[in-house]
Amino acid sequence: ALPERRRPGGGRPRYEVVRELGAEEVRWFYREDRKTWKPFIGYDSLRIELAFRALGGGGDGGAEAVEPVCVRSGLYEVDVASAESYPVYWNQTEKIPVMRGQWFIDGTWQPLEEEESNLIEQEHLNRFKGQQLQESFDMEVSKPVDGKEAIHSLKLSRNHVDWHSVDEVYLYSDATTSKIARTVTQKLGFSKASSSGTRLHRGYVEEATLEDKPPQTSHIVFVVHGIGQKMDQGRIIKNTAMMRDTARKVEEKYFSNLATHVEFLPVEWRSKLTLDGDTVDSITPDKVRGLRDMLNSSAMDIMYYTSPLYRDELVKGLQQELNRLYTLFCSRNPEFEEKGGKVSIVSHSLGCVITYDIMTGWNPVRLYEHLLQKEEEELEDRWMSYEEQRLLEELYITKERLREIEERLHGLKASTISKPPVLKFKVENFFCMGSPLAVFLALRGIRPGNSGSQDHILPRTICNRLLNIFHPTDPVAYRLEPLILKHYSNISPVQIHWYNTANPLPYEHMKPSFLNPTKEPTSVPDSDSASAAPSPTTSPVLVRRHYGESITNIGKASILGAASIGKGLGGMLFSRFGRSTTTPQTLETGKDGAEGEDKKATTVGTPPLPHSSSGFLEPTVELEHRIDFELREGLVESRYWSAVTSHTAYWSSLDIALFLLTFMYKQDQEETDKPNVDTV
């Protein structure tokens with residue numbers, strides 16, 4: 001082995017004698033979206049270089065074709081022969097070019113283009129191979145090289161390279177302006193090398209090692225898009241990339257001590273579906289065609305989903321893609337399941353509803369059967385003649401017989417008609433973003449119960465944790481908590497911490513804060529909704545700002561969440577659904593109310609609200625876990641503008657990335673603890 005030498009500051013090893021670059025000194029790069037070249041980590045670069053050398057050093061050698069190299073935490077592969085990279089789990093039309101770096105620009109450590117780099121490297125070896133390296137290599141050039149002529153030069157197409165010594169190599173541009181600048185600066189006594197040339201370094205700033213590898217993936221997150229994907233098919237891939245990059249920054253800042261990491265995979269389920277073909281396009285009028293096409297490509301997905309003809313196709317499309325991705329991931333990461341790897345889903349917009357229906361197996365046929373059963377029960381309760389009773393009994397016996405025959409048939413032949421879609425994995429967390437799921441559930445007849453369990457809308461056996469994230473002005477987002485316990489319509493959603501908050505209070509320690517409706521009256525008559533108590537005098541939650549005060553009936557974020565104070569459709573919807581035969585009592589305020597709320601903050605089970613016979617539940621019941629989480633509004637953002645942009649503002653939010661990782665890493669760290677002890 002040749003003797004090695006490190007820079008005084010702790011750089012990579014260097015050899016005393018000029019020799020061919022070692023595989024560890026070469027660094028491979030990739031370039032996305034025509035931006036700057038990014039270096040592969042050492043683990044990836046070294047394996048690409050070894051494959052490159054096995055191929056014969058450039059693809060023209062007689063060596064057999066080599067396997068693609070898996071890179072970037074397993075999300076991409078590199079085809080060394082074609083010098084291209086491509087994603088493993090999703091389709092991408094644009095290939096990602098990769099490049100072999102041998103010579104690098106001082107300071108930025110960007111690689112020279114491969115063609116120039118190869119010529120310089122060949123010239124360097126021809127001229128200096130076997131020669132001793134000078135000691136001055138380890139420090140910056142301190143003495144001027146004006147009077148020092150180049151000991152060797154190489155002319156390139158638009159540049160030339162001068163070797164002032166074996167370690168002092170400079171690239172000069174041959175452009176006219178550079179020549180003028182060179183002449184002027186030389187007359188002023190500046191160094192020729194430092195004034196007009198760019199210093200080059202042979203070999204990358206740090207050696208590539210197999211130890212420089214990514215942490216093992218312990219948790220995968222499937223990212224599911226909502227409507228509009230037909231309009232922009234690559235959008236979910238870009239959005240997921242934004243979320244992944246943001247999560248990486250958060251991981252580096254807050255979770256760098258952990259040996260595992262969370263991986264995000266886009267689930268693009270829309271583009272493969274044929275649905276009606278081009279029937280809708282053919283019936284679309286030509287006037288304002290652009291706007292109509294946009295609506296056909298976005299809002300039409302909601303109509304498809306409510307159509308009995310196409311709903312199953314949408315459900316099946318998403319279910320199959322989720323299972324395909326999971327199977328592919330496990331086949332490429334065999335240790336994932338063995339080591340108890342977990343799966344979470346982040347869904348956006350309509351994607352939340354479809355994901356929910358897949359997990360629960362809900363379908364409209366079951367709802368119809370349930371309604372028929374209810375009608376039968378109502379029939380039994382009313383007075384009827386003997387003949388009616390006899391016919392009803394006969395109908396009941398016939399239906400029972402029919403059910404028996406169906407069960408026997410199912411036993412003989414597995415039927416897929418009524419079988420709910422099944423996922424190949426248990427969902428640990430289901431994160432909804434900008435979700436209309438609550439209004440879909442309300443329209444399906446879900447009403448608040450008297451238990452604070454998530455099981456009321458999503459059983460824990462199906463999904464361990466349901467979390468509903470929304471921006472305050474997102475017009476598509478609705479709250480879920482009031483569908484479990486009605487009085488939560490008067491309790492503020494949990495505020496998501498800002499990314500840079502120092503020592504934030506853990507979410508499980510944040511006590512409920514009551515909405516104050518005084519600034520924003522409801523558009524629903526007082527008889528239809530309960531007034532809310534003022535905010536507690538002491539609360540760890542920041543004072544809630546009344547979002548949406550100036551946004552009227554165009555739709556309002558968290559409409560069900562602020563149902564008792566909300567304007568427009570959502571406020572009326574919830575008030576109508578929550579209406580009882582009697583009118584809710586007005587809540588007591590003043591000294592007694594404040595004292596009651598103070599007690600609520602310290603004593604579990606003390607009612608913060610008086611009992612109401614209106615159907616408002618005993619307020620001693622609390623949610624086992626909070627479900628609704630609200631992003632904090634920006635201090636200067638326009639509410640009108642944010643109402644338009646907020647529905648798509650989740651992907652690059654550092655606050656959301658920290659929120660997601662906080663829950664996922666917390667669960668991983670508490671694996672040894674008793675389940676369901678802490679309420680997060």
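Hi everyone. A word on the ground rules: this is a predicted model, so local features need pLDDT of at least 70, side-chain atom pairs count only at pLDDT 80 or more, and totals for chains, interfaces and linings use all residues. Residues are numbered from 1 along each chain as its sequence is written, and side-chain values use heavy atoms, with hydrogens and water left out.

Let's take the whole chain to begin with. The chain holds 18 helices and 20 strands; these are DSSP runs numbered from the N terminus, helices being H or I with at least four residues and strands E with at least two. Of its 680 residues, 48% are buried, meaning under 20% relative accessible area, with exposed meaning over 50% and partly exposed in between (1.4 Å probe, protein chains only). Among contacts (heavy atoms within 4.5 Å) with a separation of 6 or more, 73% join residues 24 or more positions apart.

Now to the sheet. In what order do its 5 strands run? The order is 9-13-12-11-10, in an open sheet with antiparallel pairing; two strands count as paired if DSSP finds at least two bridges between them. Strand 9 (103-105) and strand 10 (152-155) are the edges, and each has a single partner strand, so one side of each lacks a neighbour in the sheet. From one strand to the next, the twist averages 30°; axes here are lines fitted to C-alpha atoms, for helices over the stretch in contact, and angles run from 0 to 180 degrees between N-to-C directions.

Helix 2 has 15 residues and reaches 20 Å from first C-alpha to last, close to the 21 Å expected at 1.5 Å a residue, where the expected span is 1.5 Å times one less than the number of residues.

Which residues of helix 2 are buried? They are E116, S117, I120, E121, H124, L125 and F128. Seen down the helix axis, they fall within an arc of 160°, so they line one face of helix 2; that arc is taken from the directions from the axis to the C-beta atoms. The face turned away from this buried side carries the exposed residues E115 and N126.
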